[in-house]
Amino acid sequence: MTAIAGAVGAVVTVLASLVAATATAAADPGVLLPLQGGFAAIGDLASGVLLWLLDQWYWLLDWVYYLTGVEMFNPQYRFMHRAVLVGLCVGVMAPLIGTFLVHRQLALIGDALAHTAFAGVAVGLFLNAVIDLGVSPYLTAVVVAMIAALCIELISEVTDAYNDVSMAIVLSTGFALGTTLISLNAGGLAVGIDQFLFGNLSTVSPESAGILLVLFAVIVGTVAVTRNQLLYVTFDETAAAVSGIPVRWYNRVTVMLTAMVVVGAMQIMGVILVAAMLVVPVAGATQVARSFRESLLVSVVLAELAVLLGIAVSYYAGVTAGGVIVLVAVGIYVLAAAVGRVRPALAEETDRETGTIDADTDAGTGAGGD
Amino acid sequence: MSDQSTSTTASGESTADDPADPSPTAVPVVALDGVTFGYTATPVVEDVSLTVAPGEYVAVVGPNGSGKSTLMQLMLGLLAPDAGAARLFGEPADRFDDGERIGYVAQHAGVAKEMPITVREVVEMGRFPHVGFGRLSSADRAIVERALDTVGMAGFADRRVTRLSGGQRQRAFIARALAGEADLLVLDEPTVGVDAESVEAFYELLASLNDRGITVLLIEHDLGAVVEHADRVVCLNREVYYDGPTDEFVRSDALARAFGAGAGALADAGVDG
């Protein structure tokens with residue numbers, strides 16, 4: 001557990017430093033406390049590294065443009081470079097976490113968390129307007145969504161089940177809180193909320209791309225370390241508990257990672273459609289994959305396909321990216337389902353060739369294996 | 001049944017050493033002492049005391065709602081008793097952290113049904129408590145292959161678990177327990193929804209594993225299977241109605257008392273079959 005605690009601690013530090021960095025940038029440097037100064041230094045370092053990474057990405061896509069001449073990657077459109085980066089990251093992390101949700105019948109938790117993330121966005125906008133905090137709404141969204149995720153998990157631990165009633169309550173509370181805060185503040189609000197509801201390729205700022213890179217690193221890192229435990233808990237929770245895995249901790253980690261994915265994907269997918277990225281590619285992969293490893297890989301490939309096709313269509317046809325990405329993903333799912341229907345018929349033929357394997361019940365002979 | 005010294009009201013702190021048994025290795029696998037548990041004020045399990053020694057083949061039977069599954073969860077430390085003490089390998093069950101010593105096989109309905117996962121991937125889970133955050137070594141993989149061989153599932157290793165029959169699937173879960181090198185195999189109604197022919201083979205497999213020294217604890221509603229295979233029967237309906245050798249259980253009236261009238265015919269059928 002210490003590894004997870006460390007990872008979560010690291011996230012909190014990095015996020016806090018980002019908050020501090022953006023906050024101090026807006027505040028008068030003359031009145032900084034020493035502690036804030038320290039945070040600012042870490043924040044400067046973190047954002048420096050992220051901006052450097054972003055620069056490398058621009059450079060890479062510039063080369064792609066010069067080599068292929070694809071208009072979408074034109075160096076004049078830095079926002080498209082960032083949108084593609086965000087899209088590619090979402091295409092990895094959404095199905096990665098989604099796999100562990102879908103197979104536990106938790107597909108809707110992403111939707112609930114997205115709506116609470118919207119409340120987080122509203123909180124950020126509200127604080128910026130009222131006390132001039134100057135913090136990215138995506139950061140407050142991460143914080144609020146993670147708190148909501150923990151609440152859903154704790155409720156389910158007390159009541160011994162994930163029930164859709166509590167999920168529905170959390171979902172609507174989040175959205176209600178969001179709309180209330182925003183309407184309360186409507187007079188002083190310069191930024192529209194459409195970009196949060198529906199996502200927008202052109203509003204992905206360097207700062208929010210940086211936030212996404214941090215989320216991406218945390219999510220992929222945590223899953224890479226705890227993949228064994230997550231798989232065991234997902235497949236057979238009781239057996240996992242018997243074997244000594246602290247199931248509750250892994251459930252908490254899973255929902256908090258889900259909250260991070262949701263906020264990361266919100267930038268291009270929007271609150272309303274973000275849950276689709278957690279579910280649809282995974283559902284497609286389930287139809288065709290033969291093993292768990294393969295299903296993870298296939299779901300990422302399907303998601304990347306949907307994201308890239310969706311962004312391209314949205315760029316050239318001038319339509320909302322989120323909607324197109326989901327439509328493409330659903331199209332891929334239907335194809336996968338069709339393939340999944342056809343394949344068992346073929347598999348049955350090969351079965352007949354191999355014949356049934358004799359079930360050897362004598363335990364003594366097994367010991368002599370390899 | 002000399003090893004069942006549960007009536008000795010040992011002080012709660014004593015280790016589970018049985019003075020009647022001189023062997024130092026004979027720390028009971030499971031030791032319940034006056035265990036009572038209820039989800040509400042009404043106890044589901046009341047004042048249950050029993051011990052399971054290493055190498056035993058014990059079946060816990062009882063009608064629906066008799067607290068069998070709850071008792072199993074108490075034994076495994078998934079629940080903490082309201083009163084009394086539950087011990088696993090001599091440690092308090094709810095703080096037991098040597099999980100790889102236990103292999104657990106649930107009703108096959110209990111796991112994620114639509115998940116794309118191969119038999120080998122399921123069996124590999126048995127190694128997870130051993131490797132923690134690490135990767136499976138070649139030694140781990142060899143153990144996995146051996147476990148697949150033992151249960152006769154080597155030929156199905158790359159098959160999706162969802163495409164197996166009920167009996168094959170339960171063999172895969174047994175293999176997972178073997179891969180974990182478990183000393184104790186706990187099965188919660190493992191043959192529900194498994195066709196009759198496979199059930200017979202499944203119990204033969206259990207018997208052969210028991211012959212190798214693995215302790216088998218079977219929670220079962222199928223009395224026929226129990227009287228045929230288990231060495232010892234614990235008949236439960238909130239309280240323990242019978243605890244002793246299987247032969248005597250069949251002759252006793254415990255069944256009728258625990259299940260109510262009409263259950264005797266069931267047991268007879270079980271003996272004949």
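Me: Over how many bridges do E9(B) and E10(B) pair, and in which sense?
Reply: Happy to start there, and keep in mind that this is a predicted model. E9(B) and E10(B) are paired over 6 bridges, and the sense is antiparallel.

Me: In the hairpin of E9(B) and E10(B), which residue takes a positive phi?
Reply: This hairpin has 1 residue between the strands. The positive phi, near 70°, belongs to B:Arg238.

Me: Which residue in E7(B) stands opposite B:Ile102?
Reply: E6(B) and strand E7 (residues 184-188) of chain B are joined by 4 bridges in the parallel sense. Within E7(B), the residue opposite B:Ile102 is B:Leu184.

Me: Which are the edge strands of the open sheet of 4 strands in chain B?
Reply: This sheet has antiparallel pairing and the order E2-E1-E4-E5. An edge strand here pairs on one side only. The two that do so are strand E2 (45-52) and strand E5 (91-92) of chain B.

Me: What is the bridge partner of B:Val30 in E4(B)?
Reply: Strand E1 (residues 30-37) and strand E4 (residues 83-88) of chain B run antiparallel and are joined by 5 bridges. For B:Val30, the partner in E4(B) is B:Leu88.

Me: At about what angle to E1(B) does helix H1 of chain B run?
Reply: Helix H1 spans residues 68-76 of chain B. The helix lies across E1, E2 and E4 of chain B. Relative to E1(B), its angle is about 125°.

Me: Moving to chain A, why are H3(A) and H10(A) called roughly antiparallel?
Reply: Helix H3 (residues 78-102) and helix H10 (residues 247-269) of chain A pack with their axes 9 Å apart. Their angle is about 150°. Angles over 145 degrees count as roughly antiparallel, which makes H3(A) roughly antiparallel to H10(A).

Me: How many nonpolar, polar and charged residues make the contact of H3(A) with H10(A)?
Reply: The helices pass each other in a left-handed crossing. Residues in the contact include A:Val86, A:Gly87 and A:Phe100 of H3(A), and A:Thr254 and A:Leu257 of H10(A). By class, the contact has 11 nonpolar, 5 polar and no charged residues.

Me: What is the class make-up of the contact of H8(A) with H10(A)?
Reply: Helix H8 (residues 206-235) of chain A crosses H10(A) at roughly 150°, and their axes come within 9 Å. H8(A) passes H10(A) in a left-handed crossing. The contact includes A:Leu212 and A:Thr222 of H8(A), with A:Tyr250 and A:Asn251 among the residues of H10(A). The division is 14 nonpolar, 8 polar and no charged.

Me: Is the crossing of H4(A) and H10(A) left-handed or right-handed?
Reply: The axes of helix H4 (residues 109-131) of chain A and H10(A) come within 9 Å and cross at roughly 65°. Among the residues that meet are A:Leu113 and A:Val121 in H4(A), and A:Val262 and A:Met266 in H10(A). The contact has 10 nonpolar, 2 polar and no charged residues. The crossing is right-handed.

Me: How far apart are the end C-alpha atoms over residues 296-317 of chain A?
Reply: The unreviewed UniProt entry places "transmembrane region" features at several stretches of chain A, including 255-284 and 296-317. Over residues 255-284, the chain is 87% helix, with the end C-alpha atoms 22 Å apart. Residues 296-317 are 100% helix, and their end C-alpha atoms are separated by 31 Å.

How values were computed:
Residues numbered from 1 in each chain as written. Chains lettered and ligands numbered in written order. Predicted model: local features only at pLDDT ≥ 70, side-chain atom pairs only at ≥ 80, totals over all residues. Heavy atoms only, no water. Pairing = 2+ DSSP bridges. Contact = heavy atoms within 4.5 Å. Axes fitted to C-alpha atoms, helices over the stretch in contact; angles between N-to-C directions. Parallel < 35°, antiparallel > 145°, perpendicular 65-115°, else oblique. Left-handed = near helix turned anticlockwise from the far one by under 90°. Nonpolar A, V, L, I, M, F, W, Y, C, P; charged D, E, K, R; others polar. UniProt positions renumbered as here; feature names shortened; annotations may be inferred.
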